[in-house]
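Please find below a short note on the model under review.

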Amino acid sequence: MSAAAPKSQTRPEATAPHAALPSAQDDGAGSTGRPPSDRTGFRAATDYSGYPVVAARHPWRWAGTALVALFVAAIAWSLLTNPRWEWDVVAQWFTAESILRGLGETLKLTAIAGSLGFILGFILALMRLSSSPLLVSVSWTFSWIFRSAPLLVQLLLWYNLGYLYEKISLGIPFTDVRFFEVQTTTLISQFAAAILGLTLNQAAYSSEIIRGGILAVDQGQLEAAAALGIPAWRRSTRIVLPQAMRSILPTAFNEIIGLVKGTSIVYVLAYSELFYTVQVIYNRTQQVLPLLLVATLWYVVITSVLSIFQYYIERHYSKGAVRTLPPTPLQRVRRFFSTHAKTSEVAR
């Protein structure tokens, strides 16, 4: 019976390294043409400083860009060469005094109805979030009614309120004491009916927008603030509202832009805003399309200005939520030209 071999006796090839170190006579490259190695056996880093920098090629992107550019050029050529657009008539009426007065009335309706609508909507949103069943019910019912009725119907109802109530009075309820009394037809003018209809309709939608933004804030933020002993009003204005604004702003600006265009429906009250003024002019001159284009261009100008304000306000409220603020359009242009200038210099 043979004895087992001692543990110290092992096969020589078991302790051999996987790769032998280069010998002293090795010139570094060896016969295989590999990069030179140092004495520890690690290969030296390759020097890429002499390699040219070549920009990545995107052939499909350029093809798509060329097709879109061709399509835009075709539309622009059609707009410029078709005489039926009557651009001379558009230029004649674009800055006419009557058009500018109508534009001023449109901006006035938008500013008043938008401001009052969002203030009332903020109050309704707080009522909806309160623990009072009565306040919640009143807020829900208000939003339900004014979101259900078309805006045109609301405007006509407010304008004809004198048919339902001949006089509007202010006094002590359920008594004959009156402090103020006026004829409804005197109080509810075209302007008042337009403001009432636009404001109440806007408030119904704004309340849901603001409520959604408040609910989007993490509940842990309020719990942490309450644990630190921060007062409730300060928690709402300094913690909840700034975070809720990031969710509120995009939809709120959409509502304001919709309100700008929604003021055109006030023409049913014969109120001299932009669209009604344009209608009066083209009914007299029979230049329908050019004057409609005048109104369209002014609406485009207003919405473009509002979109610029939206971008910068959203950028302001994104502080603390993103590591780097999104670049402004001017910063993007500067970055584009600086990057392409550096690429051109390297290519040379």
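The points below cover the basis of the note, the nonpolar cores, the strand pair and the salt bridges.

1. Basis. This is a predicted model, in which local features need pLDDT of at least 70 and side-chain atom pairs count only at pLDDT 80 or more, while totals for chains, interfaces and linings use all residues. Residues are numbered from 1 along each chain as its sequence is written, and side-chain values use heavy atoms, with hydrogens and water left out.

2. Main core. A nonpolar core is taken as a set of buried Ala, Val, Leu, Ile, Met, Phe, Trp, Tyr and Cys residues joined through side-chain atoms within 4.5 Å; buried means under 20% relative accessible area, exposed over 50%, and partly exposed in between (1.4 Å probe, protein chains only). The largest such core has 21 residues, and Trp93, Ile99, Leu274 and Val278 have the most contacts inside it. At least two core residues come from each of helices H2 (87-94), H3 (97-129), H10 (232-262), H11 (274-285) and H12 (288-317). The top contributor is H12, with 8 residues. Helices (H or I, at least four residues) and strands (E, at least two) are DSSP runs, numbered from the N terminus.

3. Trp93. With neighbours within four places in sequence set aside, Trp93 is in contact with Ser98, Ile99, Ile281, Arg284, Thr285, Gln287, Leu291 and Val294. Contact here means heavy atoms within 4.5 Å.

4. Strand pair. Strands S1 (residues 167-171) and S2 (residues 178-183) pair in the antiparallel sense over 5 bridges; pairing requires at least two DSSP bridges between two strands. Ser169 has Glu181 in S2 as its bridge partner. The two strands form a hairpin with 6 residues between them, and Phe174 in the turn has a positive phi of about 65°.

5. The whole structure holds 5 salt bridges, each a side-chain nitrogen of Lys or Arg within 4 Å of a carboxyl oxygen of Asp or Glu. Arg101 and Glu97 meet at 3.1 Å, N to O, and both are exposed. Lys108 and Glu105 form another, with the closest N and O atoms 3.3 Å apart; these two are 3 residues apart in helix H3, about one helical turn.

6. Lys167 and Glu181 meet at 4.0 Å, N to O. Lys167 lies in S1 and Glu181 in S2, so the pair ties together parts 14 residues apart in sequence. Lys167 is partly exposed at 45% relative accessible area, and Glu181 is partly exposed at 47%.
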